[in-house]
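Dear colleague,

Please find below the structure that I am handing over to you, followed by an account of what was found in it.

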Protein chains: 2
Amino acid sequence: MLAQTLTAEIIAIGSELLAPDRMDTNSLWLTDKLNGIGIEVRLKTVVGDDDSRLEEAIKDAVKRSKVVITTGGLGPTEDDITRKVAARALNRRLFLDEAVLEEIRARFQSFGVTMPERNSRQAMVIDGAAVLPNPNGTAPGLFLEHDGAAVVLLPGPPKEMRPMFENHVQPRLADKTGNLRVLRRVLRVAGMGESAVDEKIAPIYTRYENPQTTILFNKSEIEIQLTARGRTEADAEALLDKLSEELEERLGHSIFAFRGEKMEEVVGLRLSVGGYTIAVAESCTGGLIAQRLTDVPGSSRYFIEGVVAYSNEAKTRTLGVEPVLLLEHGAVSAAVAKAMADGIRRRADTDFGLSVTGVAGPSGGTEEKPVGLVFIALASEALTEHRKLMLPGDRQLIRWRASQAALDLLRRRLI
Amino acid sequence: MLAQTLTAEIIAIGSELLAPDRMDTNSLWLTDKLNGIGIEVRLKTVVGDDDSRLEEAIKDAVKRSKVVITTGGLGPTEDDITRKVAARALNRRLFLDEAVLEEIRARFQSFGVTMPERNSRQAMVIDGAAVLPNPNGTAPGLFLEHDGAAVVLLPGPPKEMRPMFENHVQPRLADKTGNLRVLRRVLRVAGMGESAVDEKIAPIYTRYENPQTTILFNKSEIEIQLTARGRTEADAEALLDKLSEELEERLGHSIFAFRGEKMEEVVGLRLSVGGYTIAVAESCTGGLIAQRLTDVPGSSRYFIEGVVAYSNEAKTRTLGVEPVLLLEHGAVSAAVAKAMADGIRRRADTDFGLSVTGVAGPSGGTEEKPVGLVFIALASEALTEHRKLMLPGDRQLIRWRASQAALDLLRRRLI
């Protein structure tokens with residue numbers, strides 16, 4: 001039997017987090033880390049610098065959950081109320097810890113600055129709490145046990161919060177869960193619809209309670225998330241290996257990533273390993289394929305040249321597309337896609353030439369060539385092939401999906 | 001005197017929202033809309049499909065806040081607990097509303113489908129609630145007054161939630177705030193640092209309590225957010241106009257957008273209006289400038305061609321950069337940037353040629369040419385000018401900042 005699941009709540013503190021353009025992203029990172037040691041997050045709260053609401057939030061959380069983590073509000077100003085309010089909510093004394101004060105003072109001195117008086121507030125400690133050191137800022141964290149719950153106060157800035165959690169909180173919490181290990185693996189699929197994927201693999205994954213399987217649809221990618229629980233990391237890895245092998249047997253090359261890699265990373269690795277070079281010619285994607293390929297560090301080894309040929313003149317001038325093709329078939333056609341792929345390959349003298357031409361909208365569609373119609377083509381010395389696609393979505397989505405399909409065409413050729 | 005500020009809480013419901021890679025984005029949209037009618041969001045909760053925690057969350061919220069909005073959990077499955085739990089939390093009866101049931105049944109019939117039995121659950125209504133129609137889905141919303149608070153249950157999918165809020169909730173809430181209007185305007189600045197901006201404009205904006213001013217720093221853009229409150233929309237607009245004129249006097253052309261427009265939209269509009277054409281030659285940005293320019297619908301009017309010349313050969317072959325320049329100055333140099341801009345302008349026969357060459361990292365930097373060194377150049381028939389930049393950040397940030405600086409160089413030329 002695995003240890004029982006612990007439940008957690010996360011409280012993000014700060015009025016700025018209640019603005020319409022700000023997210024509490026700390027809780028996502030913390031959720032990932034907590035899930036990784038078998039702790040489930042059941043509730044999240046965002047509260048401003050608001051004494052009474054925060055006090056109620058902490059009181060409620062401690063009653064309901066075995067782990068309560070707050071982020072933010074540990075700074076030196078009047079607005080930073082977390083220490084004071086948490087002490088009140090837990091009905092504990094708050095006192096000035098001389099040792100902590102000395103450390104904060106020393107930190108300022110190491111920068112050649114005298115500690116401002118207001119920072120002494122950050123040396124206030126809740127009775128019974130362990131002080132968590134903060135090498136990346138002045139606000140130490142606090143960890144205490146209260147009525148069987150672990151209450152943890154962390155600073156808000158990610159570069160202070162994250163190492164503090166990893167070094168001082170995670171080990172303490174892992175003790176409580178009997179060092180249960182939970183690992184997640186993300187498989188990515190291209191070229192299949194969500195229901196087609198589910199139909200194929202449901203008979204497999206429904207046989208397993210551990211790992212758990214979740215299927216997510218995002219832009220034109222399907223993500224299969226596997227979550228395994230084990231007594232050790234190796235146990236959990238073995239469970240993931242077994243299930244992902246079975247899924248691979250069913251889905252074959254439609255799975256393009258087994259560890260959450262991006263399509264451009266997978267394609268880049270295959271080009272690199274094979275010692276191949278690539279050049280791209282884009283119309284409706286407007287440089288997106290070149291940008292995705294060159295987003296990968298080291299891509300200069302295989303990416304030689306890209307052309308964004310928006311106008312017909314550019315297609316002829318730079319890619320050598322015969323005007324007669326444009327006249328007879330139109331710019332959005334299989335013939336022009338193939339001529340673009342051949343043209344860029346010849347120009348850049350690469351192993352592969354990849355091209356896209358299509359109607360991304362919102363205007364420019366006709367009955368014969370509607371918005372979403374896209375042709376992609378891939379040329380090598382031996383073979384030039386193309387695909388015709390009808391892509392749903394708005395302009396940005398059509399552009400992204402066209403770039404994904406083109407990269408996937410290249411990936412499949414490289415297998 | 002303006003009406004008193006109402007306080008709101010938002011509760012997002014659904015276990016999927018507690019995953020490490022999922023955000024509750026509905027609350028951001030709602031916060032923006034609520035702020036727009038003078039209602040302040042004081043607390044946000046994310047809770048799973050968890051009866052007792054949700055009941056507590058609703059009870060607490062109604063005690064503390066004048067407006068309580070829930071999103072999600074109105075679907076037809078066992079997991080969708082919002083109606084049932086809200087009724088219990090408010091101690092009100094839940095009953096099957098035959099008229100609502102009839103509408104849901106009719107909706108299914110309009111698609112030629114018989115309503116599945118489980119969907120009758122969505123016709124359950126809390127005693128005293130107004131039913132909010134949902135033309136985009138089967139789940140109607142509910143609006144009720146309870147102990148002086150407005151309690152609103154909305155569906156989770158944005159395309160159902162948003163129109164329901166705008167058409168049926170916003171007018172009801174606006175009544176409560178005396179139709180106070182709050183408008184926000186976003187000014188964007190390029191080519192200046194955050195503290196330089198603040199130093200210049202603080203003497204101005206600190207004189208005003210209304211509008212309120214916030215300065216945000218994001219990638220290489222500075223956003224100045226102005227929020228004005230007025231009895232009417234025209235009052236609020238007039239306050240915004242006055243302050244933004246004063247800010248423009250101080251910052252001049254460094255402000256590139258007065259209504260939150262993106263740089264590529266501003267540049268695109270200026271090219272369009274002037275009847276100019278543009279072509280771009282990119283090295284380290286790898287197609288990002290072309291992609292940003294062509295992200296704007298209608299960009300085919302002015303964007304003619306883009307070249308991503310990653311290799312030296314491509315710079316010579318396609319852009320006509322003399323090999324001797326590459327040898328003497330290196331690919332990352334003012335001379336090559338200018339030759340690239342001239343080369344693409346000649347090739348595409350456009351009014352302007354814009355180029356970037358630099359070291360985006362993480363590797364490839366030297367002492368003489370470190371990561372972050374970028375040259376941009378802009379060519380027209382009359383003049384080719386360049387800028388040397390040292391950009392901080394990781395690979396993606398350097399690429400983005402280089403693209404922004406290049407577009408800004410073009411924008412300033414077009415003024």
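In this predicted model, helix α6 (residues 194-205) of chain B packs against helix α7 (residues 233-251) of chain B at an angle of about 145 degrees, and their axes are 10 Å apart. The crossing of α6(B) and α7(B) is right-handed. On the side of α6(B), the contact is made by V197(B), K200(B), I201(B), I204(B) and Y205(B), and these residues meet L243(B), E246(B), L247(B), R250(B) and L251(B) of α7(B). By class, seven residues of this contact are nonpolar and three are charged, with no polar residue.

I turn next to the sheet. Strands of a sheet pair through backbone hydrogen bonds, either parallel or antiparallel. Here 12 strands form an open sheet with mixed pairing, in the order β6(A)-β7(A)-β8(A)-β3(A)-β1(A)-β2(A)-β2(B)-β1(B)-β3(B)-β8(B)-β7(B)-β6(B). At the edges stand β6 (130-132) of chain A and β6 (130-132) of chain B; each has a single partner strand, so one side of each is left without a neighbour in the sheet. From one strand to the next, the twist averages 15 degrees.

The two chains are joined within this sheet where β2(A) pairs with strand β2 (residues 39-47) of chain B, in the antiparallel sense and over five bridges. K44(A) stands opposite V46(B) of β2(B) in the model. Within chain A, strand β1 (residues 6-13) and strand β3 (residues 67-71) pair in the parallel sense, over five bridges. There, I11(A) has T70(A) of β3(A) opposite.

Helices also lie on the sheet. α1(A) lies across β1, β2 and β3 of chain A and runs at about 165 degrees to β2(A). Helix α3 (residues 82-89) of chain A packs on the sheet as well, touching β1, β3 and β8 (149-154) of chain A, and its direction makes about 165 degrees with that of β8(A).

Which elements make up the side of chain A that touches chain B? In the contact between the chains, 47 residues of chain A meet 47 residues of chain B. The elements of chain A that give two or more residues to its side are α1 (26-36), β2 (39-47), α2 (51-64), α9 (288-294), β14 (303-309), α10 (312-319), α12 (334-348) and α13 (395-414). That side of chain A has 20 nonpolar, 14 polar and 13 charged residues. Of the interface residues of chain A, 100% are also interface residues in chain B, so the copies meet through the same surface.

As for the relation of the copies, a rotation of 180 degrees with 0.4 Å of shift along its axis superposes chain A on chain B, with an RMSD of 0.5 Å. The two copies are thus related as by a two-fold rotation axis.

The domain assignment divides chain A into domain 1 (6-176), domain 2 (181-257) and domain 3 (263-414). The C-alpha centres of domain 1 and domain 3 of chain A lie 50 Å apart.

Finally, some points of backbone geometry. Most residues other than glycine have a negative phi, and most peptide bonds are trans. The peptide bond from N210(A) to P211(A), however, is cis, with omega near 5 degrees; P211(A) is found in the loop between α6 (194-205) and β10 (212-218) of chain A. The bond from G361(B) to P362(B) is also cis, with omega near 5 degrees, and P362(B) lies in the loop between β15 (352-358) and β16 (373-379) of chain B. N91(B), a residue other than glycine, has a positive phi near 60 degrees.

With kind regards

Technical notes. Residues numbered from 1 in each chain as written. Chains lettered and ligands numbered in written order. Predicted model: local features only at pLDDT ≥ 70, side-chain atom pairs only at ≥ 80, totals over all residues. Contact = placed C-beta atoms within 7 Å. Helix = DSSP H or I, 4+ residues; strand = E, 2+ residues; numbered from the N terminus. Nonpolar A, V, L, I, M, F, W, Y, C, P; charged D, E, K, R; others polar. Pairing = 2+ DSSP bridges. Least-squares fit on C-alpha atoms with pLDDT ≥ 70 in both. Domains from an automatic or database assignment. Axes fitted to C-alpha atoms, helices over the stretch in contact; angles between N-to-C directions. Left-handed = near helix turned anticlockwise from the far one by under 90°.
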